[in-house]
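Welcome! Open your viewer, get your selection tool ready, and follow along one stop after another.

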Amino acid sequence: MNIQVLSLFPPMFEGVFQHSIMKKAQDKGAVTLGVVDIREFADNKRQVDDYPFGGGAGMVLKPEPVFNAVESITKGGKKPRVILMCPQGERFTQKKAEELALEEELVFICGHYEGYDERIREHLVTDEISIGDFVLTGGELAAMTVIDSVVRLLPGVLGNSDSPVRDSFSTGLLEHPHYTRPANFRDMAVPDVLTSGNHAKIEDWREEQGLKRTLERRPDLLDHVELSDKQEKILARLKAEK
């Protein structure tokens, strides 16, 4: 996958792209990450913002530098998904991450100021994404979040191929609790089933714990997930025990 980010502050991405899973993904050849300085494509002395027509507070990101920047990295090829990071956009979910992970190329636009010239939305972008119902100073931190979520899903990036499959939200439910050594830490013991060696019972325990955690912490998720007959019975019992 090739991911390009349009930003007014490219240095913000240096630390994120050069460490942890992001760096490993690049070293393995799973992804190419690049950052484009929007100011380099401004028509007038690197000016990227201007006052809004009709008046009002704040400045608006101009269309010229954004269009010029996107066109410079998409010349002659198939038009990629162009993603606008915006609090008005679609709420980002694991399902959306899985969808984007199937693409060969992604372009992210990170804005600042009061907002974007509307022509950017109408004629350039294919997706608008928000990471939550709040406002950030700019789109960079939001783009980092989305990119990290997508890159870890690419084949071969994570050491264990089961890891992204079992993640919270990948199945529509929250993930079960995890434990590691020592088996007893300050009189806090790991559940006996996990040290029993009985893999069938361990899987049953994990399934039940995932349902229990979802019921306790995010019951809203249960309205949108298709449960098996076995899971329905477990859930009914858990509700009766509350």
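Predicted model: local features only at pLDDT ≥ 70, side-chain atom pairs only at ≥ 80, totals over all residues.

Next, show the strands β3, β4 and β7. They form an open sheet in the order β3-β4-β7, and the pairing is mixed. β3 (49–50) and β7 (115–116) are the edge strands, each with a single partner, so one side of each has no neighbour in the sheet. In general, strands of a sheet pair through backbone hydrogen bonds, either parallel or antiparallel. Which way do β4 and β7 run? Strand β4 (residues 60–61) and β7 run parallel, joined by two bridges. To find one of these contacts, pick Val60, whose bridge partner in β7 is Gly115.

## Stop three: salt bridges

Side chains of opposite charge can pair when their charged atoms come close. The count for this model comes to 18 salt bridges, and we will visit a few.

Begin with Asp27 and Lys23, whose closest N and O atoms are 3.0 Å apart. Both belong to helix α2 (residues 20–27), where they are four residues apart, about one turn of the helix.

Now jump to Arg81 and Asp127, a salt bridge with its closest N and O atoms 2.8 Å apart. This pair links distant parts of the chain: Arg81 is in strand β5 (residues 81–91) and Asp127 is in strand β8, 46 residues apart. Here both Arg81 and Asp127 are buried.

For the last stop, select Lys230 and Glu207, whose side chains meet in a salt bridge (3.0 Å, N to O). Lys230 lies in helix α9 (residues 229–241) and Glu207 in helix α8 (residues 199–217), so this pair, 23 residues apart, also links distant parts of the chain. Lys230 is partly exposed, with a relative accessible area of 41%, and Glu207 counts as partly exposed at 23%.

Conventions
Residues numbered from 1 in each chain as written. Heavy atoms only, no water. Pairing = 2+ DSSP bridges. Salt bridge = Lys/Arg side-chain N within 4 Å of Asp/Glu carboxyl O. Buried < 20%, exposed > 50% of the residue type's maximum accessible area, 1.4 Å probe, protein only.
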